[in-house]
Amino acid sequence: MNFLKTIFASAIGFLIAAGLIFVVGIIIVVGAVVSLGHSFGTTSEFTVKPESVLSINLEGEIVEHNTNDAAYDISVLLYEDINDVPELGLGLDQIQNAISQACMSKEIEGIFLNVSDMVCGSATANEIYGSLIKFKRSTGKFVYAYIDRMASQEAYLVATAADSIFMNPLGSIALHGYASTPLFYTGAFKKLGIEPQVFKVGTFKSAVEPYTETKMSDANRMQTQSYLNSLWNDYTAAVAYGRRLDVKKINAVADGYADLLSAEDLLDMGLIDAVGYKADVTKLLLKRCGTDVRKLNLVSVRDFLSSSASSRYIDNKSQFSMTKNLDKPNGYIAVVYAEGQIYSTPNASGLISGRQQEIVSTSMIRHLENLKSDSLVKGVVLRINSPGGDAYASEQICHAVTELNRVKPVVVSMGDYAASGGYYIASNASVIVAQPTTITGSIGIFGIAFTAEQLTSRLGLTSDCVKTNKHSDFGMFTRSMTPSEKALMQSYVNRGYNVFVERCSTGRNMSGEDIEKIAQGRVWSGRQAYDIGLVDTLGNVDLAISIAADLAGDKELNRWVLRYPFKKTDMERVSEMLAGIKGLNTRLSAKEILRENVEYLKRNSGVMAIMPQYEN
């Protein structure tokens, strides 16, 4: 009995100790997060010293608008010195705002870029490249770029906007051209006994080809070659301009696969300006700023933005609350960010990372309706970076955009993608602005259902059915669809496509016949889309903001921008972190893994308006 008492007491003691450790751990995490927020300048104003250099570290994925500030990521606790923490997860809006503010800052002497391991799409890279070129032209200040490890093709494009590019002796750049290499599952499905049943509209709607073909169709090969050529032509023109080289030379280097060339080879070819370590660049910056070695002031993007009292961007609730009662500004242009695949419902687990982007129709519609009723919002810029998704959800958002546009002007600004469902939700805006390298169009939809009749038979599984009507068991995965069911499904997809074309026809003020000629699921580059009338003008998000201000009847409105949704507060971010910790054990269970996979299949099945992926 005493032995059992001892065991019981020990167990209780262990649980109490574990609980205390967990509570203390939470307190430490919360304290560290709040402290780090201050260290990064996100919750207190930072003072920029004279003769400072804006340091833009583009390491990691660049999202459109990061509501979960990466400064609060728990991984920063692994660093001994706060100055060693990389600025992961910067939003494109933060980068462009910082460059814009640096133009006017007397304290900022120039910009220092670190482009290693930068991850983004072509249009995002073009946005940053254009902002840097504008910065140099308007101020005469310097821009230096440093490549530490590998610079992707997009990262190298951004670097070419600099006056000088410096590279680590063991650094490298990616420069090999664009390619699309889809993987086809048809053979594997046959071996497994799985039959994809596909229903689509559009000669070029190739998103389903990996499930039905063993290679690209002729139509898909033609459209892919066409838009990749367009993207590459814009890329080489920009790089050639930045490096003062001929486009033919850029192509010759790409043909030789520059990814494997040494830093010395790249220097000889004129693709970089100097080889050295980061400390060597620091010395050059000191010399350029004319300051003492001990006094070089590198200011991060987040710190710099927290220092700028004149910032025209409002991206949190407290800022908005403080300005609502002021006589000035008279109103705002709201920029609403729509990034990621389109869904009707949010991720059921509720545990997705803050950096994983998706567009949920219910949330997006709520944002748009709030902006429609807010008298301070005079115009809206819908910033889209999406390959599409759920066709039903896309239609609901399109309707909300149309209704908002009846009340106040809506201007669409396209990012890396605004294709298929992404174009659907853009189609009824007053004006559509795209980057030349935006991927857009793909006006078409498809439906897909997987049948595992042969697989279940091989496994010895059988099924039976009792039903009251002819199609009560429609969609059962244990059998193929009947001819009448296939006809019903194709009719449903056709109807959805006709609605899509009608929305584009109305929004673009074109006949249905003219839309049909450029629809059929075909993918276009932004430049091609401009030539055929799918977009109104080429440019960046700042141009879209200016257009929205003009349409609202007050050009001064482009000085006051409300970014939506708002950034999350410290406590909201901490709550998410704790929810993630709490759900970790649950997510690791076999039952939860199976449930999440089933949920994923449900969210990515049915009638879809989404474009095929390409890689660069």
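Guide: Let us begin with a definition: the expected span of a helix is 1.5 Å times one less than its number of residues. Helices (H or I, at least four residues) and strands (E, at least two) are DSSP runs, numbered from the N terminus. Please keep in mind that this is a predicted model, in which local features need pLDDT of at least 70 and side-chain atom pairs count only at pLDDT 80 or more, while totals for chains, interfaces and linings use all residues. Residues are numbered from 1 along each chain as its sequence is written, and side-chain values use heavy atoms, with hydrogens and water left out.

Visitor: What span should the 12 residues of α10 have at 1.5 Å a residue?

Guide: They should span 16 Å, and because the end C-alpha atoms of α10 are 16 Å apart, the model agrees with the expectation.

Visitor: How do I read a sheet, and in what order do the strands of the open sheet stand here?

Guide: Strands of a sheet pair through backbone hydrogen bonds, either parallel or antiparallel. Two strands count as paired if DSSP finds at least two bridges between them. In this structure six strands form an open sheet in the order β10-β7-β5-β3-β1-β11, with parallel pairing. Strands β10 (274-275) and β11 (297-300) stand at the edges with a single partner strand each, so one side of each has no neighbour in the sheet. Strand β1 (residues 52-57) pairs with β11 in the parallel sense over four bridges, and V53 stands opposite L298 in β11.

Visitor: Which strands does helix α10 touch as it packs on the sheet?

Guide: Contact means heavy atoms within 4.5 Å. Helix α10 (residues 278-289) touches β1, β3 (108-114), β5 (142-147), β7 (164-167) and β11. The direction of α10 makes about 175° with that of β5, where axes are lines fitted to C-alpha atoms, for helices over the stretch in contact, and angles run from 0 to 180 degrees between N-to-C directions.

Visitor: Which residues of α10 are buried?

Guide: Buried means under 20% relative accessible area, exposed over 50%, and partly exposed in between (1.4 Å probe, protein chains only). The buried residues of α10 are V281, L285, L286 and C289. Seen down the helix axis, they fall within an arc of 145°, so they line one face of α10; the arc is that of the directions from the helix axis to the C-beta atoms. The face turned away from this buried side carries the exposed residues K283 and K287.
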